[in-house]
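This briefing covers domains, pockets and salt bridges. The structure is shown first, and the points follow by topic.

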Amino acid sequence: MPSALLNVMVNAAKKASVKIRRDFNELENLQVSVKGPGDFVTSADIRTQKIIIDELTKAKPDWSFFAEEKQNSNANNSKNRFIIDPIDGTTNFLHGNPNFAISIAAEVENRLEAGIIYSPVYDELFFAERGKGAFFNDRRLRVAQRKKLSESIVVTGIPHLGRGNKDQFIKEMEEIIPEVSGIRRSGSAALDLAWVAAGRYDAYWETGLSLWDIAAGIIIIREAGGVVTGIDGSEKDLYNGNVIAGNDKIHENLLKKIKNIYLQDN
Ligand code: 2AM
Ligand code: CA
């Protein structure tokens, strides 16, 4: 049975999604406008976040928020907070690509207690609570059980104009390409983590993220029996937005390959 806290988070995401889907369908018309869809998307992000925060505040008025569009709203001394990305995969959204999601995590006494990732267009909900397992809609989630990188599909982020370390990424690719069954790039860190939890990907790594991109995914992966750490293997590096995730064996194998490259450059 999902807890009251989880229900509040799911309801907030679903309420915001009604508007997101409407905005997503409007994008087609905006592509042809002179100004283009960029500003519209920014305001879609802000509007979505407001709906989510308003809903969460009704249920938990004394909690604080750590969220992409306004980094520390309601800043108080609360040890309880929601960590929110209203639209993770904004570039996909902007291009009419449905691969984006709402990500909401709840931290109680400074520890991750619950996480949800909801994709409004696919209508897929991934969620977890500490000690209660991870779920996809009503089904229990398990990470994939493959033990060899040679059988694995791994997903990552790719540097692009204005973001990321190209040289580091190319070194990583030289290591990883000859080892794996496939490499993917989806554009939403939250969905990448959810899909690793669901066994659709065997592993994921990416650097330079923010906590709101990954907080819900961290608890969902762990409750699905997976391992997620920073790229130096630590929890601190994970909370700095550098992520590697998979089942224990694949995580260990991938970490061995990526860690040294990462440490040379950081
Ligand atoms: P966003 O869509 O909410 O911006 C894509 O590789 C992932 O990186 C997405 O989850 C994306 O989140 C995130 N991302 C894009 N730009 C970022 C930035 N400047 N800092 C942190 N994360 C970013
Ligand atoms: Ca994001």
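One salt bridge is counted between domain 1 and domain 2. The model is a predicted one, and its chain is divided into domain 1 (4–140) and domain 2 (149–265).

**Domain contact**

- The centres of domain 1 and domain 2, taken over C-alpha atoms, are separated by 22 Å.
- To the contact, domain 1 contributes 37 residues and domain 2 contributes 22 residues.
- About 2,200 Å² is buried between domain 1 and domain 2, and carbon and sulfur atoms give 67% of that area.
- On the domain 1 side, the residues that lose the most area to domain 2 are Leu112, Ile117 and Phe126. Together these residues account for 26% of what that side buries.

**Salt bridges**

- Side chains of opposite charge can pair when their charged atoms come close.
- Across the whole structure, a search finds 15 salt bridges, while the count between domain 1 and domain 2 is one.
- Glu124 and Arg200 form a salt bridge in which the closest N and O atoms are 2.9 Å apart.
- Another salt bridge joins Asp23 to Arg47, with 2.9 Å between the closest N and O atoms. This pair links distant parts of the chain, 24 residues apart: Asp23 belongs to helix H1 (residues 4–30) and Arg47 to helix H2 (residues 38–59).

**Largest pocket**

- Rolling a probe the size of a water molecule over the atoms shows where empty space is left.
- The largest pocket holds about 430 Å³ of space.
- Its lining consists of 21 residues, and those nearest the centre of the pocket are Gly89, Thr90, Thr91, Arg163 and Gly187.
- Strand E2 (81–88), helix H3 (90–94), helix H5 (189–197) and helix H6 (211–223) are the elements that give two or more residues to this lining.
- By class, the lining of the largest pocket comprises four nonpolar, nine polar and eight charged residues.
- Both domains take part in the largest pocket: domain 1 (4–140) and domain 2 (149–265) each supply at least three residues of its lining.

**Second largest pocket**

- The second largest pocket has about 250 Å³ of space.
- Of the 16 residues that line the second largest pocket, Pro159, Gly164, Asn165, Thr207 and Gly208 lie nearest its centre.
- Helix H4 (166–176) and strand E10 (203–206) each give at least two residues to this lining. The largest share, three residues, comes from H4.
- The lining of the second largest pocket divides into five nonpolar, eight polar and three charged residues.

Note on methods. Residues numbered from 1 in each chain as written. Chains lettered and ligands numbered in written order. Predicted model: local features only at pLDDT ≥ 70, side-chain atom pairs only at ≥ 80, totals over all residues. Heavy atoms only, no water. 1 Å grid on protein atoms, 1.4 Å probe; cavity = no way out; pocket = protein on both sides within 12 Å on 5 of 7 lines; lining within 4 Å. Points joined across faces, edges and corners; volume = space filled by probe spheres on them. Helix = DSSP H or I, 4+ residues; strand = E, 2+ residues; numbered from the N terminus. Nonpolar A, V, L, I, M, F, W, Y, C, P; charged D, E, K, R; others polar. Domains from an automatic or database assignment. Contact = heavy atoms within 4.5 Å. Buried area = accessible area lost by both parts, 1.4 Å probe. Salt bridge = Lys/Arg side-chain N within 4 Å of Asp/Glu carboxyl O.
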